[in-house]
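Please look over the sequence and the model shown here before reading on. The explanation is meant to be read with both in view.

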Amino acid sequence: MKTLFAFFLLLVTCNSVMGTIPAIPADVYNHQLYYTAPATIWEETLPLGNGRLGMMPDGGVDREHIVLNEISLWSGMEADYGNPDASRSLPAIQQLLFEGKNKEAQELMYSSFVPKKPESGGTYGNYQMLADLNIDFSFPHRRKTTSENDAAPVTDYRRWLDLRDAVAYTSFTKEGIDYQREYFTSRDKDVMIIHLTASRRRALSFSAQLSRPKQGVVSMLPGIGKEEGTLLLEGTLDSGKPGREGMKYRVAMRLISKGGKQNISAERGITLTQGREAWLVLSATTSYAASGTDFSGNRYKEVCDSLLNAATQHVQIKESHIASHRTFYDRVSLTLPSTEDDVLPTNERITRFTERESPALAALYYNYGRYLFISSTRPGSLPPNLQGLWANGVETPWNGDYHTNINIQMNHWPLEQAGLSELYQPLTALIERLIPSGEETARTFYGTHAQGWVLHMMTNIWNYTAPGEHPSWGATNTGGAWLCAHLWEHYQYTQDIEFLKRIYPVLKGASEFFYSTMVREPKHGWLVTAPTSSPENAFFVGNDPTPVSVCMGPTMDVQLLTELYTNVIEATSILECDADYAAKLREALDKFPPMQISKGGYLQEWLEDYKEQDVHHRHVSHLYGLHPGNLISPDATPELANACRETLNRRGDGGTGWSRAWKVNFWARLGDGDRAWTLFKSLLYPAVDPQTKRYGSGTFPNLFCSHPPFQIDGNYGGTAGIGEMLLQSHEGFIHLLPALPKSWHTGNFHGMKARGGISVDLEWKDGKAVKAILTATIPGIFHVKMPEGVIRAKAIIDGQSNNYTGKTISLSLPEKGECVLSFE
Ligand code: FUC
């Protein structure tokens with residue numbers, strides 16, 4: 001390991017001395033985060049995860065602090081939030097909206113259209129960190145004078161995260177002894193491993209303790225026979241309801257060592273004295289992970305122990321872990337122009353990026369986004385929450401939940417294009433689990449005539465579907481409709497009919513809710529949602545200076561429901577069912593409001609041309625139809641696309657982390673690569689102020705996105721944005737290099753997926769596509785837009801060659817059929 005790093009550094013040094021474009025292989029700097037000092041804040045530590053278990057080591061020399069996570073560890077419990085006042089007050093709320101009395105409607109909602117508080121009110125719960133693992137090291141003394149030894153310097157310090165292998169490392173030298181630590185969370189064995197070595201016998205001594213800010217009790221199980229003892233951390237979280245137990249968890253840790261003396265006690269933890277090589281093996285589970293919402297019994301303990309036992313039989317599992325991670329990670333690659341800054345430590349690379357172009361940083365960011373996704377979820381687990389899988393406290397911001405008015409959606413944007421299709425399963429399962437609760441909410445809040453299911457703007461692992469407690473932001477009721485767009489997207493990429501059959505009732509149920517509850521507004525007779533809001537933005541009605549949020553039929557709702565109805569109609573025709581229902585939806589669609597352009601030239605966010613409270617508001621909900629939706633594009637609807645440009649110019653290039661990431665995607669859809677790149681730079685702005693150490697919006701030293709605080713949606717949104725700059729597929733076309741920034745003049749990607757079931761490899765040079773390989777995952781006719789600047793293309797399929805000029809190329813490919821396209 002050490003030798004590898006020395007080689008890497010030698011290359012770095014040679015190149016900066018020579019001042020040339022570095023000849024360092026792209027596979028080092030495109031796939032690695034590295035630092036020359038231990039982390040000083042959590043947002044500098046390195047995230048590892050197997051989709052369920054997570055850990056973030058800080059690489060401390062004397063004390064290593066590692067925050068541990070388990071994705072299902074939530075306080076709270078299922079509860080009834082149904083408020084019968086809501087449906088009773090609905091006609092009055094709607095009437096006030098019809099009369100333009102939005103403020104009065106909102107006030108009425110505050111007293112009636114809010115979730116009923118279950119007895120103690122804390123049942124919503126929150127996602128919490130699992131545990132702190134602290135490892136205190138003591139180093140051998142060369143001389144006996146302790147003051148000199150305490151000051152013994154640490155040299156050659158490095159810590160890094162290898163994204164391809166999903167392994168983090170710390171290495172340094174102290175008193176002539178080399179120390180190395182490797183950390184990974186095994187996907188296949190479902191445990192966390194820390195492998196520690198010293199280059200000299202008897203040089204490795206430490207004591208490892210588990211703790212938790214609250215609800216954590218440490219105990220130990222003595223070993224049986226030759227087996228070593230186990231340190232346990234266990235606890236029960238608050239259910240939020242007096243007299244009811246909350247979720248239980250267990251963390252178990254064992255030490256396997258070569259040489260040295262081991263000791264274990266609840267007080268001091270696990271101690272190794274004078275060893276040379278050791279493995280700390282940790283397993284953890286929760287009662288939810290083991291048995292769902294049934295908290296009785298001890299199954300979670302059994303699962304935890306059996307995982308630990310299996311892993312400690314044979315601790316050399318790094319290679320199989322890497323192989324298993326790579327089955328996901330190696331599916332896609334991306335190379336962008338390199339510069340000499342690429343070889344800098346990651347924190348310096350981010351700082352330098354504010355001054356100088358560094359396209360390869362986008363390749364690293366893209367790879368990191370894929371890495372984070374693979375690490376934060378997996379089939380059978382939960383989808384990534386607001387912080388993915390990583391939280392460092394018991395009070396996680398915004399409860400670390402699933403916000404459904406942008407955040408959980410953004411988390412899933414890069415997934416299909418990056419070839420990680422099966423990682424949609426946790427979101428699909430979460431949506432399916434919400435249905436019974438969403439049906440209940442539909443009836444209680446909207447009346448007995450309400451059909452189907454509804455989800456408002458937030459949810460949790462307890463299937464929460466009611467409105468948020470403050471109608472100003474909590475009234476949005478298209479969370480479920482937006483999630484249905486994701487189910488549809490998965491179908492579009494995979495063309496999997498079995499999946500469509502499975503999710504059709506979910507889509508239909510979501511559409512039924514709106515079909516049965518939308519109302520005709522009096523001015524034009526348009527069918528609208530009411531009451532609702534355009535996520536988190538507020539406006540002024542007439543001259544009233546009080547901002548309000550509650551409204552009817554905001555543009556985002558219209559766009560989401562246009563897509564939902566259209567998708568349901570298409571599904572009925574593919575599955576040959578429900579023709580009558582499809583006809584009703586078609587009729588309803590005709591009565592939807594059109595998208596309107598404000599007198600200021602920008603796309604109108606609401607039904608009326610209201611003045612918004614905050615021109616720079618972070619949500620740009622009314623541009624849903626541009627991205628991630630597919631209702632607006634420069635080719636199909638140039639006027640609306642122009643209005644989107646105006647909107648974005650008016651909103652500005654700032655905003656919270658995820659807002660900047662969204663704007664990368666918008667500009668990519670508008671075909672403006674340079675502007676998308678400007679927004680990417682804004683997303684990468686260093687989040688920690690060097691003087692005050694305060695956190696702003698941008699990117700932390702470990703490349704986590706900062707809202708602030710850390711929120712992972714910006715990482716996934718930024719990753720998707722990079723993908724959108726290189727490849728798009730909507731309106732039936734595959735679009736190669738739709739928004740290439742000038743500075744990304746030369747590069748290539750492999751394995752990106754497009755809608756319709758096709759995989760794309762592409763090389764480009766001097767800003768122009770040179771060669772593409774398209775491989776059909778299912779047979780079909782694929783339409784490719786002639787890339788920018790190209791006048792002729794030659795397609796070779798099965799040895800047959802065809803020449804194309806003009807605007808589009810249509811290719812008929814059999815299953816696994818390959819087409820090689822060369823461009824001139
Ligand atoms: C939405 C956003 C906030 C934040 C929160 C978690 O409500 O408006 O900015 O991202 O989710």
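The paragraphs below go from the chain as a whole to the ligand site and then to some individual residues.

This is a predicted model, in which local features need pLDDT of at least 70 and side-chain atom pairs count only at pLDDT 80 or more, while totals for chains, interfaces and linings use all residues. Residues are numbered from 1 along each chain as its sequence is written, and side-chain values use heavy atoms, with hydrogens and water left out.

The chain contains 21 helices and 37 strands, where helices (H or I, at least four residues) and strands (E, at least two) are DSSP runs numbered from the N terminus. Its C-alpha trace spans about 90 × 70 × 50 Å along the principal axes. The radius of gyration of the chain is 28 Å, which agrees with the value near 28 Å that a compact globule of 824 residues would have; this radius is taken over C-alpha atoms, and the globule rule is 2.2 Å times the number of residues to the power 0.38. Of the 824 residues, 61% count as buried, a term that means under 20% relative accessible area, with exposed meaning over 50% and partly exposed lying in between (1.4 Å probe, protein chains only). The accessible surface of the chain comes to about 30000 Å², and carbon and sulfur atoms account for 51% of that surface; accessible areas come from the Shrake-Rupley method with a 1.4 Å probe, and for residues only the protein chains shown count as cover. Among contacts (heavy atoms within 4.5 Å) between residues at least 6 apart in sequence, 68% join residues at least 24 apart.

The ligand is surrounded by Leu386, Trp398, His403, Asn405, Asn407, Glu536, Arg618, His619, Trp658, His707 and Gln711, a residue being near a molecule if one of its heavy atoms lies within 4 Å of it. This shell divides into three nonpolar, six polar and two charged residues; in this division Ala, Val, Leu, Ile, Met, Phe, Trp, Tyr, Cys and Pro count as nonpolar, Asp, Glu, Lys and Arg as charged, and the others, Gly among them, as polar. A side-chain N or O atom of His619 lies 2.6 Å from an oxygen atom of the ligand, and a side-chain N or O atom of His707 is likewise 2.6 Å from a ligand oxygen atom. For Arg618, a polar side-chain atom is 2.8 Å from an oxygen atom of the ligand. The protein covers 97% of the 290 Å² of accessible area that the ligand has on its own.

Some backbone features deserve a separate look. Most residues other than glycine have a negative phi, and most peptide bonds are trans. A cis peptide bond with omega of about 5° joins His627 and Pro628, and Pro628 lies in the loop between β25 (611–612) and α18 (638–651). Pro708 and Pro709 are also joined by a cis peptide bond, with omega of about 5°, and Pro709 is in the loop between β27 (705–706) and α21 (713–726). Leu703, in the loop between β26 (698–699) and β27, has a positive phi of about 70° and is buried, with a relative accessible area of 0%. Gln495 has a positive phi near 55° in the loop between α14 (479–494) and α15 (497–517), and is partly exposed, with a relative accessible area of 30%.

Note on methods. A polar contact is a pair of N or O atoms within 3.5 Å; within protein, one must be able to donate a hydrogen and the other to accept it, and residues adjacent in sequence count only if both atoms are side-chain atoms.
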